[in-house]
Amino acid sequence: MTEQRVELRQLILETAMSEFKAKGIKRVRMDDIAHQLGISKRTLYEVFSNKEQLLLEGVKDDEARKDEYMNAFIADGNHSVMDVLIEYYRFRLKWISTLNPLFFNELRRYDVVMDYLTELREKRECLTKTFIQRGIEEGYFADYFDYSIILKVMNMAIDGLLQKKMYKEYDFPSLFRNVNPFFLRGFCTLKGIEVIDRLILNETF
């Protein structure tokens with residue numbers, strides 16, 4: 001692609017994802033995206049053949065940005081496991097606070113997107129296990145758990161919250177602030193729990 005087409009593609013992705021997150025996927029039409037960008041629908045379809053492809057590439061771009069941010073934080077080299085965990089938590093909370101609950105609910109209707117997210121989750125589990133081992137070595141995580149089981153249970157809990165549509169009763173930030181620390185405290189040592197509790201008491205976690 002030409003440099004101009006690459007820039008247009010990125011602009012379309014950012015605009016579409018912003019609309020999807022704010023309004024839900026179903027409510028945003030390809031016509032709406034083209035109109036907001038001031039381009040013809042034909043031009044839009046030349047870059048993305050359909051809405052599902054646009055959504056998939058937008059989700060991929062979103063996930064790449066998250067990885068880039070956290071990788072840069074970790075690469076600093078001066079952070080403990082708890083520093084990384086807390087930064088990841090805060091970053092995710094900031095991100096999820098901007099989402100319309102409809103986005104997550106409707107995302108599940110797109111099999112190609114869910115297949116990608118499932119594959120991505122499996123890849124990240126390998127990195128997560130390495131991270132957990134580091135946490136054990138630093139004395140923040142208990143060494144007597146089977147973390148492959150814990151990770152599956154945590155994923156099931158998150159999936160359950162979405163399937164039961166608990167976001168209709170509680171907003172996403174409230175769910176995130178209560179469920180995540182609950183699980184984290186469960187596998188932390190006293191050293192790790194002290195860090196989490198201190199942040200909770202100071203209302204920064």
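**Entry 1: The chain as a whole**

I began with the definition of the elements: helices (H or I, at least four residues) and strands (E, at least two) are DSSP runs, numbered from the N terminus. I then read the order of the elements in the protein chain from the N terminus on, and it is α-α-α-α-α-α-α-α-α-α. The count for the protein chain is 10 helices and 0 strands.

I noted that this is a predicted model, in which local features need pLDDT of at least 70, side-chain atom pairs count only at pLDDT 80 or more, and totals for chains, interfaces and linings use all residues. I also noted that residues are numbered from 1 along each chain as its sequence is written, and that side-chain values use heavy atoms, with hydrogens and water left out.

I looked up the extent of the C-alpha trace, which spans about 60 × 40 × 30 Å along its principal axes. I next looked up burial, where buried means under 20% relative accessible area, exposed over 50%, and partly exposed in between (1.4 Å probe, protein chains only). Of the 205 residues in the protein chain, 41% are buried.

I then turned to contacts, a contact being heavy atoms within 4.5 Å. Taking contacts between residues at least 6 apart in sequence, I found that 70% join residues at least 24 apart.

**Entry 2: The nonpolar core**

I recorded the meaning of a nonpolar core: a set of buried Ala, Val, Leu, Ile, Met, Phe, Trp, Tyr and Cys residues joined through side-chain atoms within 4.5 Å. The largest such core has 61 residues, and Phe-20, Leu-55 and Phe-141 touch the most other members. Helix H5 supplies the largest share of this core, with 9 residues.

Setting aside residues up to four places away in sequence, Leu-55 touches Met-17, Phe-20, Ile-25, Phe-103, Leu-107, Tyr-110 and Val-113.

Met-17 counts as buried, at 6% relative accessibility. Its contacts, again without residues up to four places away, are Leu-55, Gly-58, Val-59, Asp-62 and Phe-103. I also checked Met-17 against Glu-57: they are 40 residues apart along the chain, and their C-alpha atoms are separated by 9.6 Å.

Axes are lines fitted to C-alpha atoms, for helices over the stretch in contact, and angles run from 0 to 180 degrees between N-to-C directions. Angles under 35 degrees count as roughly parallel, over 145 as roughly antiparallel, 65 to 115 as roughly perpendicular and the rest as oblique. A crossing is left-handed if the near helix is turned anticlockwise from the far one by less than a right angle, and right-handed if clockwise.

I took H4 (residues 51–75) with H5 (residues 81–96): their axes come within 10 Å and cross at roughly 150 degrees. H4 and H5 are therefore roughly antiparallel, and the crossing is right-handed. I found several H4 residues in this contact, including Tyr-69, Met-70 and Phe-73, and on the H5 side residues including Tyr-88, Phe-91 and Trp-95. The residues of this contact divide into 8 nonpolar, no polar and 5 charged. Here Ala, Val, Leu, Ile, Met, Phe, Trp, Tyr, Cys and Pro count as nonpolar, Asp, Glu, Lys and Arg as charged, and the others, Gly among them, as polar.

I then took H4 with H7 (residues 111–137), which pack at about 20 degrees with axes 9 Å apart. This makes H4 roughly parallel to H7. H4 passes H7 in a right-handed crossing. Leu-55 is one of the H4 residues in this contact, and Val-113 is one of those in H7. The division for this contact is 8 nonpolar, no polar and 6 charged.

**Entry 3: Helices H9 and H10**

I read an angle of about 155 degrees for H9 and H10 (residues 190–201), with axes 9 Å apart. H9 is thus roughly antiparallel to H10, and passes H10 in a left-handed crossing. Pro-181, Leu-184 and Arg-185 in H9 meet Ile-193, Ile-196, Asp-197 and Ile-200 in H10. I recorded 5 nonpolar, no polar and 2 charged residues in this contact.

**Entry 4: Two lysines**

I located Lys-129 in helix H7. Lys-129 is partly exposed, with a relative accessible area of 43%. Leaving aside neighbours within four places in sequence, Lys-129 is in contact with Ser-148 and Leu-151.

I located Lys-165 in the loop between helix H8 (147–163) and helix H9 (172–187). Phi of Lys-165 is near 55 degrees, a positive value in a residue other than glycine. Lys-165 is partly exposed, at 33% relative accessible area.
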